Amino acid sequence: MIIDKNKIYTYGKYTYVNFTQLSQKELLDILEWRNHFDVRKCMNTTDPISVETHLAFCESLKERNDKFYWLIRKGMQPIGVLNIIDVDYETETCEPGFYLSPGIMGKGGSIFVLSNYKTFLLKELKFKGLLGHNFYDNMPAFIFTMFFGGIITDVFKVNGRLSIKTILTPERLQNEDGTEKLILKYTKFARAWNADEVINTFKNGE
């Protein structure tokens, strides 16, 4: 598992450019996305981020190997950000996250980016596991995790909220085709899938 900060990765229709290779203007454009209310309301840090803090963080990424951030482009259009944190080189695992630019959020593109970046991390960068945690009250994110083949590894409460830990491995990855049929497959999966049954099965050790 090798991650090259200087390499522009192209996987399918999407390109991943490391933050360390971006111009200041590009980084400031990303900050504008990140500070948009519809994006930051879903983040752990919901307050707006200052220019100074953002640029200092981006500069620190040049020396860090435990987290990586990429600008995602589709063709020539910048569309979002992919990040991985808690990179463990012994277990070859990480926890990924992403967000789309406010201009294209809610237009049905999320599922294709999810499919691409999960496949990119597992098959191109050769991670052995993508770790995740979803709150039960954020059901869409949890369903997406399971749709792509994730399995539950732990269930516990955080400040009264049910938190579900998951892992996705290369062997379990599914629905990575990235075609228009993906939306139909996801719709059928979401309608038939029962979160409570899956969680109770895990708790009962079945």
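**Close-up views of a predicted model**

**View 1. Confidence along the protein.** The score is pLDDT, the predictor's confidence in each residue, from 0 to 100. The protein averages 90, and 99% of the residues score at least 70. Helices (H or I, at least four residues) and strands (E, at least two) are DSSP runs, numbered from the N terminus. Residues are numbered from 1 along each chain as its sequence is written. This is a predicted model: local features need pLDDT of at least 70, side-chain atom pairs count only at pLDDT 80 or more, and totals for chains, interfaces and linings use all residues; side-chain values use heavy atoms, without hydrogens and water.

**View 2. The open sheet.** Eight strands line up as β1-β2-β3-β4-β5-β6-β8-β7, with mixed pairing. Pairing requires at least two DSSP bridges between two strands. β1 (9-11) and β7 (151-158) stand at the edges with a single partner strand each, so one side of each has no neighbour in the sheet.

**View 3. The β5-β6 pair.** Strands β5 (residues 93-100) and β6 (residues 129-135) run parallel, joined by two bridges. Thr-93 has Gly-129 as its bridge partner in β6.

**View 4. Arg-161 in strand β8.** Strand β8 contains Arg-161. Arg-161 is partly exposed, with a relative accessible area of 35%; buried means under 20%, exposed over 50%, partly exposed in between (1.4 Å probe, protein chains only). Leaving aside neighbours within four places in sequence, Arg-161 contacts Phe-135, Asp-137 and Phe-156 (heavy atoms within 4.5 Å).
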